Amino acid sequence: MYKSILVPVDIAEPELAEPAIAAAVGLAKGAGAAVRLVYVRSLVPITYMEFVPAGFDAEQQEDAEAKLAAIAAKIELPEAQVSAKVLIGSVHGEVLAEAEASGADLIVIGSHEPGMLAYVIGSNASAIVRRAKCSVLVVR
């Protein structure tokens, strides 16, 4: 079945990822697969960099890593089967790149009812579904 499952998580709204994490864990238990959580931080626009205090980026990275690690710690799988990584960039681009780099054979992504903005610019979930080279399970 699956050997490596990637689950994108938004640490600002972790409850949206709960169904996706639960589905990934269920699949992982049956197959002995690894589950990798990823969170993608946004880039700070270069025009704002002069207003950002020194160390801001490092603080944001540490905070995101701690929050993602707390979510990963709640997963009911052996510690060796769970990992977490914080990335920087566009959500769908980084998730797809991480899926390919880590050899993920399944992406499990949470979704919600799209708002008007998602209809205008498209959602990350739909971009991942369209462009992924591996299977994608969208969970609501």
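**Strand pairing in a predicted model**

Trainee: Which residue in β3 is the bridge partner of Leu-37?

Mentor: The bridge partner of Leu-37 in β3 is Ala-84. Please keep in mind that this is a predicted model, in which local features need pLDDT of at least 70, side-chain atom pairs count only at pLDDT 80 or more, and totals for chains, interfaces and linings use all residues. Residues are numbered from 1 along each chain as its sequence is written, and side-chain values use heavy atoms, with hydrogens and water left out.

Trainee: What makes strand β2 and strand β3 a pair?

Mentor: Strands pair if DSSP finds at least two bridges between them, and β2 (residues 34-41) is joined to β3 (residues 82-88) by seven bridges, so the two count as paired. They run parallel. Strands here are DSSP runs of E with at least two residues, while helices are runs of H or I with at least four, and both are numbered from the N terminus.

Trainee: How do you know that β4 and β5 pair?

Mentor: Five bridges join β4 (residues 106-110) to β5, and these strands run parallel; with at least two bridges required, they therefore count as a pair. Val-108, for example, has Leu-137 as its bridge partner in β5.

Trainee: In what order do the five strands stand in the open sheet, and why are β3 and β5 called edge strands?

Mentor: The order is β3-β2-β1-β4-β5, with parallel pairing. As for the edges, β3 and β5 (135-139) each pair on one side only. Neighbouring strands of this sheet are turned by 25° against each other on average, direction ignored, where axes are lines fitted to C-alpha atoms (for helices over the stretch in contact) and angles run from 0 to 180 degrees between N-to-C directions.

Trainee: Why is the unit of β2, helix α2 and β3 called right-handed?

Mentor: A crossover has this name if, with the strands pointing away from the viewer, the path from the first strand over the helix to the second runs clockwise. The β-α-β unit made by β2, α2 (residues 56-73) and β3 is right-handed, so its path over α2 runs clockwise in that view.
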